[in-house]
Amino acid sequence: MRAKQPRLVVTFHTTACAMAAEQLCRREGLEGKLISVPRSLTSDCGIAWSAPPELQAVLEAQFSAAGIETEGFYRLLM
């Protein structure tokens, strides 16, 4: 079993926002991937973006500048 590591989980109101976030991160070369929203969280959309916690400020700025609405930013051990 692998050791749990801290991850930043970003939730979205819509699947379209989650997909737009993935496209933006791929285009900008930002590390992360789409995941199912963990059971410990609730979200309008069942998809979340998982990334290293140190990218939170960058992701907040990038998503805001691109008009991508987020529901929340959470730090979890995953």
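**Entry 1: a charged pair**

I started with Glu 22, which forms a salt bridge with Arg 26 in this predicted model. The closest N and O atoms of Glu 22 and Arg 26 are 4.0 Å apart. I checked where the two sit: both are in helix α1, four residues apart, which is about one turn of the helix. I then looked up the count of salt bridges, and it comes to one.

**Entry 2: Arg 7**

Next I went to Arg 7, which lies in strand β1, residues 6-12. Which side chain of opposite charge is nearest to Arg 7? I found Glu 31, 4.2 Å away. Arg 7 is buried and has no salt bridge. I did find a polar contact, though: the side chain of Arg 7 meets the side chain of Ser 50 at 3.1 Å. I also listed who else touches Arg 7, skipping neighbours within four places in sequence. Its contacts include Gly 32, Ala 51, Pro 52, Pro 53, Tyr 74, Arg 75, Leu 76 and Met 78.

**Entry 3: the whole chain**

I zoomed out here. The chain has two helices and four strands, and from the N terminus on they run β-α-β-β-α-β. The radius of gyration is 12 Å, close to the 12 Å that the globule rule gives for 78 residues, so the chain is as compact as a globular protein of that length. Along the principal axes, the C-alpha atoms fill a box of roughly 35 × 25 × 15 Å. I noted that 40% of the 78 residues count as buried. Then I looked at contacts with a separation of 6 or more: residues 24 or more positions apart account for 72% of them.

**Entry 4: the nonpolar cores**

I reminded myself that in soluble globular proteins, nonpolar side chains tend to be buried together. Which residues touch the most other members of the largest nonpolar core? Out of its 16 residues, I got Val 10, Phe 12, Cys 25, Trp 49, Leu 59, Phe 63 and Ile 68. Two or more residues of this core come from each of β1, α1 (15-28), β3 (47-51) and α2 (56-66). Helix α1 gives the most, with five residues.

**Entry 5: Val 37**

Where does Val 37 lie? I found Val 37 in the loop between β2 (33-36) and β3. Val 37 counts as buried because its relative accessibility is 17%, and the cut-off for buried is under 20%. Not counting residues up to four places away in sequence, Val 37 touches Thr 11, Ser 43, Cys 45, Gly 46, Ile 47 and Ala 48. I also took a distance to Ser 50, which is 13 residues from Val 37 along the chain: their C-alpha atoms are separated by 9.4 Å.

**Entry 6: Ser 64**

Last stop was Ser 64, in helix α2. Is Ser 64 buried or exposed? I have it as exposed, because its relative accessibility is 56%. Ser 64 and Ser 43 are 21 residues apart in sequence, and 19 Å apart in space from C-alpha to C-alpha.

Note on methods: Residues numbered from 1 in each chain as written. Predicted model: local features only at pLDDT ≥ 70, side-chain atom pairs only at ≥ 80, totals over all residues. Heavy atoms only, no water. Buried < 20%, exposed > 50% of the residue type's maximum accessible area, 1.4 Å probe, protein only. Lys, Arg positive; Asp, Glu negative; His and termini not counted. Polar contact = N/O pair within 3.5 Å; in protein donor to acceptor, adjacent residues only side chain to side chain. Contact = heavy atoms within 4.5 Å. Core = buried A, V, L, I, M, F, W, Y, C linked by side-chain atoms within 4.5 Å. Rg over C-alpha atoms; globule rule 2.2 N^0.38 Å.
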